[in-house]
Amino acid sequence: KMDKKINKKYSILNLILIYIITRFITYNFFEIYSNPDVIRPGWHILELKFLTTDLIDSILHLHSQPPLWNFIVGIFAKISDGDLLKTSFFLNIFNYLISIGIIYYTYKILINLGFKERTCFYLVIIFIIFNPNVFFYENITFYNHILAFLFTNLVWLIILYLKNNNHLIEFFIYFNISVQSLIWAGIHPIILVFFFIFISYKKKSILKFNKSLIYFFICFILSISPMIKNKIIFNKFSTSTWLGINIASTMTNLDDKQCLYQIIYPDYYEEYKNKYDREIEHPVARISKNGLRNSVSQILLSDKCLEKSIDQIKKTPDHYIKGRIVAFIVSHSKFAFEYIYLSPINFNFRFLKEFLDNNKKTKKIKQTLIIIYMILFYYFFIKKIFLHKKYYSDFYGLIFFIYLFCILISHLFNGYEQERMMYQFQVLHIIFISNIFRLILSRKQTSN
């Protein structure tokens with residue numbers, strides 16, 4: 001009876017209730033909510049008027065990045081009849097619902113990794129409900145929060161699959177990765193291929209025609225569908241046309257202002273038409289001015305920047321390598337909420353950042369502590385992969401592979417915005433910190 005009472009006290013439902021109360025207070029009394037300017041048309045979002053009146057055609061003519069987040073924004077824009085404030089409000093509420101999903105799956109993950117319900121309960125409260133990083137990303141209407149949910153769900157699915165070898169769960173693993181790839185180009189279809197090879201190898205069915213192959217094939221086609229669509233419409237086989245521009249952003253010694261500052265004021269449509277042999281009429285791909293990143297002019301700019309960047313890397317590879325190493329260290333010495341380009345309304349944790357950074361000593365202490373933390377974080381996962389039992393070795397190996405792949409890709413091919421890329425994998429930090437707590441408690445009990 002006592003156990004049942006404890007179970008009820010530390011239940012997921014109570015966590016969700018606490019979360020709803022805290023967000024009601026922060027939204028209504030502290031007025032922390034999403035800034036509508038985030039979804040003004042520009043770098044990642046198409047113009048709301050096109051998403052509202054011509055959603056499908058607009059998504060078909062989106063080449064600058066994978067389509068799913070714009071499709072989600074488009075659905076809320078249609079519900080709001082294209083009103084910027086209402087669309088932003090609905091996306092904000094959508095992000096809160098996603099946070100409930102993160103709470104649910106994180107709790108289940110920790111329970112299945114052998115933590116007590118009471119421990120899981122308080123860990124979720126501290127590291128999700130009252131986590132400033134979560135406050136930050138659930139209140140900016142960007143795709144990183146939904147990616148954090150999907151990755152948390154993927155970790156849970158991997159746990160279930162390694163325990164049960166269930167075909168349906170295997171399908172959902174492939175499907176989850178495919179959906180993530182339709183939101184962010186950093187989740188490349190090669191991750192799907194790796195998972196399929198790993199699972200097939202474990203089942204000793206790598207060359208056999210079976211359900212696994214069918215599931216993989218369906219999800220792989222789904223994952224590369226934006227590439228196929230872009231090849232048909234734009235004659236460009238890619239899921240995103242940011243590659244050249246992003247690499248250029250890593251090059252401080254590139255002698256091209258357009259590439260360095262990502263400017264596409266000129267209209268290169270005629271040049272695009274001649275090079276790619278396509279005529280494009282839809283305005284979401286034709287309007288060419290700085291801030292609207294889906295013009296076909298971006299394709300030409302990206303091509304130019306990619307070529308110039310590769311030439312520069314060949315000339316000065318040491319400069320590029322040093323820059324990427326510095327970027328890796330810098331991004332690993334920051335909190336996720338230190339993302340400089342966007343912020344929620346009334347997000348006062350920025351004062352903490354300013355306090356820590358304005359004083360050289362406190363800034364250095366902060367950076368040093370975070371770097372030490374990240375070294376321990378990497379050490380923990382590498383140790384779990386190579387020095388643990390087979391089940392846990394596979395589990396930690398799979399989840400850490402995705403993390404490493406995405407972090408390396410984002411650091412090698414993107415000069416900015418690493419904080420929000422790293423936020424997506426917050427569940428790994430919760431797993432790490434939970435294990436540290438367990439180790440400290442077990443040693444304390446042993447000493448007693």
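A disulfide is a pair of cysteine sulfur atoms within 2.5 Å, and with that cut-off in mind I began my notes on this predicted model.

**Entry 1: cysteines**

I searched the whole structure for such pairs and found 1 disulfide. Cysteine 259 and cysteine 305 form it, with their sulfur atoms 2.2 Å apart, and I noted that the link is left-handed, with -95 degrees about the S-S bond. Cysteine 259 belongs to helix 14 (residues 257-261) and cysteine 305 to helix 16, so the pair ties together parts that lie 46 residues apart in sequence.

I next asked myself how far the sulfur of cysteine 219 is from the closest cysteine sulfur. The closest one is in cysteine 406, and the distance is 17 Å, which is too far for a bond. Cysteine 219 counts as buried, at 1% relative accessibility, and I also wrote down cysteine 120 as buried, with a relative accessible area of 0%.

**Entry 2: helix 11 against helix 12**

I turned to the helix that holds cysteine 219 in its contact with helix 11. Helix 11 (residues 189-203) and helix 12 pack with their axes 10 Å apart and at an angle of about 175 degrees. On the side of helix 11 the contact is made by Pro189, Leu192, Val193, Phe196 and Lys203, while helix 12 brings residues including Phe216, Cys219, Phe220, Ile224 and Met227. Sorting the residues of this contact by class, I have 10 nonpolar, 2 polar and 1 charged.

**Entry 3: helix 15 against helix 16**

Helix 16 had already come up with cysteine 305, and I therefore looked up its packing with helix 15. Helix 15 (residues 269-276) and helix 16 (residues 296-315) have axes 8 Å apart and pack at an angle of about 70 degrees, which makes helix 15 roughly perpendicular to helix 16. I listed Tyr269, Glu271, Tyr272, Lys275 and Tyr276 from helix 15, and these meet Val296, Ser297, Ile299, Leu300 and Asp303 in helix 16. The contact of helix 15 with helix 16 has 6 nonpolar, 1 polar and 3 charged residues.

**Entry 4: serine 240**

I wanted to know where serine 240 lies, and I found it in the loop between helix 12 (211-234) and helix 13 (243-248). Is serine 240 buried or exposed? With a relative accessible area of 15%, serine 240 is buried. A polar atom of its side chain lies 2.7 Å from the backbone oxygen of serine 64, and a polar atom of the side chain of serine 240 is also 3.2 Å from the backbone nitrogen of tryptophan 242. When I left aside the neighbours within four places in sequence, the residues in contact with serine 240 were His63, Ser64, Gln65, Pro66 and Ala185.

**Entry 5: valine 330**

Last, I looked up valine 330, which has its place in helix 17 (residues 317-331). Its relative accessible area is 38%, and I therefore noted valine 330 as partly exposed. I also took the separation of valine 330 from isoleucine 433, and the two residues are 103 residues apart in sequence and 21 Å apart in space, C-alpha to C-alpha.

Definitions and conventions: Residues numbered from 1 in each chain as written. Predicted model: local features only at pLDDT ≥ 70, side-chain atom pairs only at ≥ 80, totals over all residues. Heavy atoms only, no water. Axes fitted to C-alpha atoms, helices over the stretch in contact; angles between N-to-C directions. Helix = DSSP H or I, 4+ residues; strand = E, 2+ residues; numbered from the N terminus. Parallel < 35°, antiparallel > 145°, perpendicular 65-115°, else oblique. Contact = heavy atoms within 4.5 Å. Nonpolar A, V, L, I, M, F, W, Y, C, P; charged D, E, K, R; others polar. Buried < 20%, exposed > 50% of the residue type's maximum accessible area, 1.4 Å probe, protein only. Polar contact = N/O pair within 3.5 Å; in protein donor to acceptor, adjacent residues only side chain to side chain.
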